[in-house]
Amino acid sequence: MRTRTLALTASAGAALLATALLPTNATARESGPRRVQEGTVGAADLLAKVTSCSQISNGKYRTDEEASATVPVCGKNGAVFWKADMDIDCDGRITTQCNAGTDPWFQDDTAFHQSDGKPLSAEKLPYVVVPSSSSIWNYAGAGIKGGGVVAVIYNNKVEYAVVGDTGPDKIIGEASYATAKALGIDPDPATGGTGSGVTYIVFKNNRTSPIESHGAAVTLGDSLAKKFLQDN
């Protein structure tokens, strides 16, 4: 839910180094992602289905404020996808890693809320930020809902997240602290992220219940990913 300007060239190299240093069985705390490869569908199988783009957005998005608009939203049967960078969203509930002291752009709310009405926790819950609706693209009109499942792919790893927040209407490529950490990307909200190499496959017409259950997102995501492979 923020507008930011980030220089991520150095961060991309740092992210690769961080990935190399993480153990393959690295886990997040309590309600976060349990493993870096989730479900039974491999990254290569999903990526094989998104090699070409049938553009459904009316224009293209920037990855950051200073960047040119180069990223389209593409359509597939049962999903939309884009390939971009990853900026770190730490908005939502105040936690040790996500607060006004750690994040210069911190906001204590998210566009979509937990089942108890509270904001989501970026530190604990893998979620993805979608651009706010505009003349470029209306995510709701494409069948994308808050709590809908997203397969986030980076460095041959798959992480299932939910649609949890909205961002600037001309910028794309952002996910929560927990999403980045699970994928081996530097999750620091001020200096982390990666400049490229992330694929976001957002499945249509579904909603994780409750939205804050990562386990439910993985179970639903694995089922939707299998159907996605069958239908494309």
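**Close-up 1. The link of C90 and C98 is left-handed, with -65 degrees about the S-S bond.** Welcome to this predicted model. Here C90 and C98 form a disulfide, and their sulfur atoms sit 1.9 Å apart. With a relative accessible area of 0%, C90 is buried.

Close-up 2. C53 lies in the loop between α2 and β1, while C74 belongs to strand β1, so the pair ties together parts that are 21 residues apart in sequence. C53 counts as partly exposed, at 40% relative accessibility, whereas C74 is buried, with a relative accessible area of 3%.

**Close-up 3. The protein has two disulfides.** Counting the bonded cysteines along the chain, the pattern is 1-2, 3-4. A disulfide is a covalent bond between the sulfur atoms of two cysteines.

**Close-up 4. Helix α4 covers residues 214–231.** At 1.5 Å a residue, its 18 residues should span 26 Å, and the end C-alpha atoms are 25 Å apart, which agrees. Look along the helix for its buried residues, among them H214, A217, V218 and G221. Further buried residues of α4 include D222, L224, A225 and F228.

**Close-up 5. The buried residues of α4 pack against several elements, including helix α2 (43–47).** Strands β1 (74–76), β2 (79–89) and β4 (149–154) are among these partners. The buried residues of α4 also pack against β5 (157–167) and β7 (194–203).

Methods. Residues are numbered from 1 along each chain as its sequence is written. This is a predicted model: local features need pLDDT of at least 70, side-chain atom pairs count only at pLDDT 80 or more; totals for chains, interfaces and linings use all residues. Side-chain values use heavy atoms; hydrogens and water are left out. Helices (H or I, at least four residues) and strands (E, at least two) are DSSP runs, numbered from the N terminus. The expected span of a helix is 1.5 Å times one less than its number of residues. Buried means under 20% relative accessible area, exposed over 50%, partly exposed in between (1.4 Å probe, protein chains only). Contact means heavy atoms within 4.5 Å. A disulfide is a pair of cysteine sulfur atoms within 2.5 Å.
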